[in-house]
Amino acid sequence: MKDDPPLPSLAKLDEKLRAAEAKRRKTKTRSEIQGQGLGFALRIGVEIVAALIVGVGIGLLLDWWLGTKPWFLLLFFVLGAAAGFMNVFRVVGGLGGQVGYRRAEKPKDEASGEPGKDSRTDG
Amino acid sequence: MAEAGGMHSPLEQFEIKSLFAAGEHGEVGALTFTNSSLTMVAAMVLVSAFLILGMRRGALVPGRMQSLAELSYEFVAGLISDTVGSQGRRYFPLIFTLFMFILFGNLLGMLPYSFTFTSHIIVTFALALLVFIGVTILAIVKHGLHFFTFFVPPGAPIAMWPLLIPIEVISYLSRPISLSVRLFANMLAGHTLLKVIAGFIGLLGVFGILPFALVVALTGLEILIAFLQAYVFAILTCLYLNDALHLH
């Protein structure tokens, strides 16, 4: 009987605290997502172009060396495009343990509930 | 920056000018000290002054300059421990130097009449190549021939290897290019855009207030980009370093 009145108030307080926390987290992630999006935008376009440059470069070099005019260029153009798409896929997904674009594994596990922080390492 | 009349080409700001030269100018093998070299030296001197003067007092309760110096140190140290872990601490000097050099280069370019050395691909490509070659050598020294398994996607069927390995190799080789092109293109595009829009101010007369407001806003954005690009360069270097140290 006596401990009945404090219980609802505590629960209410807890609820309020949680709501405030959620609100704060929400605003925080929104600003983080904005910064993250900008970093993203700056990275992605370049990835495709860079892979294409390398592919075409290798193709031209092999053609010049072996005298097989268009064939290696065509082959490596396609391979370069594939590599570019794969790079973008990795940046966006942050997965697929491949060359470079794996999401950085945290050596010390931080609070994993922060979605913004993790992907910020990507861009 | 706000040249009235748009008489100047927006690309003029990127022109390399020789300040003084050892040997005939334009001759192969001549050493010329250009405006690009001057801003690089200026960036180096400013970074050193910033850190040395900031930490001179070494007070327990830091003053303004010391706070800034400590902030930049802790920022890069946090970056490394987040992405590479404790093993990355040995490479702190390299990453800190790269970060500060690029950051100060970008910010120096924001001063009117100055020169942005990071807007030249040869500068950024040299930096990226340094990172790329260093990281590759590190990985080979650390893991030996095991390094080459890096190019084989784990869990892929052997039938797919002839297709996947070239793609992985291209992907790996594209790293220095994407690293350098990103920095160079951002700085080049931003500064060109600023100059083009600033050229409209004089041409439009009273309505020049519109491009003027835009230039003010873009200047703020450019400063943000200056920080962001230095940050991106540093964090990608960290990610590559992490790969080299830990492979799969």
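1. Helix 6 of chain B has 38 residues and spans 55 Å from first to last C-alpha, close to the 56 Å expected at 1.5 Å a residue. That expected span is 1.5 Å times one less than the number of residues. Helices here are DSSP runs (H or I, at least four residues), numbered from the N terminus. After helix 6 of chain B comes B:L247, with a positive phi near 45°.

2. A caution on the source: this is a predicted model, where local features need pLDDT of at least 70 and side-chain atom pairs pLDDT 80 or more, while totals for chains, interfaces and linings use all residues. Residues are numbered from 1 along each chain as its sequence is written, and chains are lettered from A and ligands numbered from 1 in the order written.

3. Helix 3 (residues 92–108) of chain B packs on helix 6 (residues 209–246) of chain B at about 160°, with axes 8 Å apart. The two are therefore roughly antiparallel (an angle over 145 degrees).

4. The contact on the helix 3 side of chain B includes B:I95, B:F99 and B:L103. Helix 6 of chain B contributes, among others, B:F227, B:A230 and B:F233. Contact means C-beta atoms, placed from the backbone, within 7 Å. The residues of this contact divide into twelve nonpolar, three polar and no charged. Nonpolar covers Ala, Val, Leu, Ile, Met, Phe, Trp, Tyr, Cys and Pro; charged covers Asp, Glu, Lys and Arg; the others, Gly among them, are polar.

5. Chain A has three helices and zero strands. Of its 123 residues, 23% count as buried (20 or more other C-beta atoms within 10 Å of their own).

Methods:
Axes are lines fitted to C-alpha atoms, for helices over the stretch in contact, and angles run from 0 to 180 degrees between N-to-C directions. Angles under 35 degrees count as roughly parallel, over 145 as roughly antiparallel, 65 to 115 as roughly perpendicular and the rest as oblique. Two residues are in contact if their C-beta atoms, placed from the backbone, lie within 7 Å. A residue is buried if 20 or more other C-beta atoms lie within 10 Å of its own, exposed if 12 or fewer, and partly exposed in between; C-beta atoms are placed from the backbone.
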